[in-house]
Amino acid sequence: MGSATCIQYCQYVNVVKQGDSPNDIAPLFVGNQITAGDFNEYRPSITVDAMGRLFAGFDVTMDGSLYYPMFTVSEDGGATWADPGYYETSAGSTKPDVDSKPTGFYATFTPPAETSGQIWVVDDAAQTGYTWDFGSYDFDSFTDSHIATYTHAGPEDDGAWNWGGLAFTGFYPPAQEGTPFLFYQYSLVGGGLLHSLNTGACEHASIDIDQTTNISYSVYDRLVTGTYQLLVWKHNFGKWDYNSQYDYWSHPFFNTKTLIGTGNLTYPDVIAESNNIIVVAQSDADGNQDIVCYYSSNAGTSYTPVVVANDAGDELYPQITWIKTGVAVCTYIRGSEAYYKATEDGGATWSTEARVSDEQITPVEDHALTIGGMNGNAYAIWQDGRGDNIDIYFDSFYNVESPNVQIGTVAGGIGKVTMDVLNTGTGAAADIDWSISVSGGILGRINVTTTGNIASLAAGGSQTVQTDKFIFGLGTITIQLTAGQAVASKTGKVLLFLVRNIA
């Protein structure tokens, strides 16, 4: 267990280059430059929230030697980026990792060697963060820290503080290097719990939390009798157990599973959704470095291996993200170029290879390229050496035509309420259930509910629907509306047969 120390956010201006819409740049793979200046920037990370805002983190130096993890946001799909912020006490930390919450992001990073028993979590909304220091317990050498967020309530409030979990490796006293760790906060006041497995020789980590089931999957590459295998560690983040003896809450542990290849499996990344799990990794089974995946449709009870990419050259440092329900994209580096493939069946089959960026990724290393996805779009961010210095570049490189059903204008009239159903997405929507429920008035005598279905609505299209019974009465009304997954609530007034003042 450990307690948190608050850290404060600082602003650093003029690192980020404004403008340069990716739609205005040719050729296709040039990308959108985020950073500029006299020094190098490294090891970027990117995520996107449900509002479509992009969040990026990367290592930046202000004097050519001392690096800080810095964070920035784009509100317009990556065309412009805000001046980044950093945490003054995070000097020397590296490899920021970001993950989205419904509106915003949380992030973590790897601490420097002199404070390598520290754990960091920062929050863009509050522009603050917390550290937990386990160095006094001789737990240290923490490295390759990755974060997974979720929104499940915690034991002491509605879960506003309950950001998710971290996976990383480190030293377990007295003499175990490369121990796999899992960390999360368990109380409103900042109590943190550090789990470990009684094994060592792990190097890299990844984590994701299934947003449907609240089950976490932490993956580590582990050296066992000369061969790297993948260790998958599973916890129930949807449940809290109370330890009355030591006064703390914890997530129950399910199990571990080992994934074994015919060669070494290294540099894992994992995603989870509705009990579908995809783990990607490097494999040297055929003498070159290839990309393989292990996929599961039964919450990790069993996994099936599939080769994703095995060109004559080496494919390195895979990254994977969901971009919509059932659709995932995997990127990797060959030479100094970034490539990707997509799967629409949970990892069983993969699309033809396509390119993300041209020959600019430098140096080629772990964390040189990361990706994020949401609403049918995939986003890449990488370190790029085409200029005088190494800068951070971004591109939106993949899109699935996807509907996005929304509730538009809601209006009154003579004896009715109307609702505009909109499709603001890039693909046609089908089978849209909708409803309008009107209740209230004096003595609650107004009670009208109408339901219906829109068979098809083209991208960019709209359709107006309305209540099918005449509304008559006096007083204030409440209007509940649904259209597909969209939900809204309005109030209004009824004066005999006139419905008005809807807001």
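Which residues line the second largest cavity? In this predicted model, in which residues are numbered from 1 along each chain as its sequence is written, local features need a pLDDT of at least 70 and side-chain atom pairs count only at pLDDT 80 or more, whereas totals for chains, interfaces and linings use all residues. Side-chain values use heavy atoms, with hydrogens and water left out.

The lining of the second largest cavity consists of Thr-108, Phe-109, Thr-110, Pro-111, Gln-118, Ile-119, Trp-120, Phe-142, Thr-143, Asp-144, Ser-145 and Phe-168. Two or more of these residues come from each of β8 (104-110), β9 (118-123) and β11, where strands (E, at least two residues) are DSSP runs numbered from the N terminus. The strand that gives the most is β11, with four residues. A cavity is defined on a 1 Å grid over the protein atoms alone, as a set of points where a 1.4 Å probe fits but cannot get out, and its lining residues have an atom within 4 Å of a point. The second largest cavity holds about 50 Å³ of space, a volume being the space filled by probe spheres set on the points, which are joined across faces, edges and corners. Its lining has six nonpolar, five polar and one charged residues, where Ala, Val, Leu, Ile, Met, Phe, Trp, Tyr, Cys and Pro count as nonpolar, Asp, Glu, Lys and Arg as charged, and the others, Gly among them, as polar.

Of the 13 residues that line the largest cavity, His-146, Pro-268, Gln-319, Asp-366 and His-367 lie nearest its centre. At least two lining residues are supplied by each of β11, β15, β21, β25 and β29, and β25 gives the most, with three residues. By class, this lining has six nonpolar, five polar and two charged residues.

Pockets were defined on the same grid as open sets with protein on both sides within 12 Å along at least five of seven lines. The largest pocket contains about 1100 Å³ of space, and of its 45 lining residues, Asp-99, Ser-100, Asp-208, Gly-373 and Met-374 lie nearest the centre. Strands β3 (41-48), β7 (94-101), β11 (140-149), β15 (202-209), β21 (265-273), β25 (316-324) and β29 each supply at least two residues of this lining, with β25 giving the most, six residues. The lining of the largest pocket divides into 19 nonpolar, 19 polar and seven charged residues. The second largest pocket contains about 610 Å³ and is lined by 21 residues, of which Ser-402, Pro-403, Asn-404, Val-405 and Gln-406 lie nearest its centre. The largest share of the lining of the second largest pocket, five residues, comes from β35.

Strand β29 (residues 369-374), which contributes to the lining of the largest pocket and to that of the largest cavity, is mostly covered, five of its six residues being buried (under 20% relative accessible area, with exposed over 50% and partly exposed in between, for a 1.4 Å probe and protein chains only). It pairs with strand β30 (residues 377-384) in the antiparallel sense over six bridges, pairing requiring that DSSP finds at least two bridges between the strands. Within this pair, Ile-371 stands opposite Ala-380 in β30. Two residues lie between the strands of this hairpin, in which Asn-375 takes a positive phi near 55°.

The structure holds 11 salt bridges, each a side-chain nitrogen of Lys or Arg within 4 Å of a carboxyl oxygen of Asp or Glu. One of them joins Arg-43 and Glu-365, whose closest N and O atoms are 3.8 Å apart. This pair links distant parts of the chain, 322 residues apart, with Arg-43 in strand β3 and Glu-365 in the loop between β28 (354-357) and β29. Arg-43 counts as buried because its relative accessibility is 16%, whereas Glu-365, at 23%, counts as partly exposed. A salt bridge also joins the side chains of Asp-49 and Arg-53 (3.1 Å, N to O), and both of these residues are buried.

The side chains of Asp-311 and Arg-334 meet in a further salt bridge (3.7 Å, N to O). Asp-311 is partly exposed, at 38% relative accessibility, while Arg-334 is buried, at 13%. Through salt bridges that share partners, Asp-311, Glu-315, Arg-334 and Glu-353 are joined into one network.
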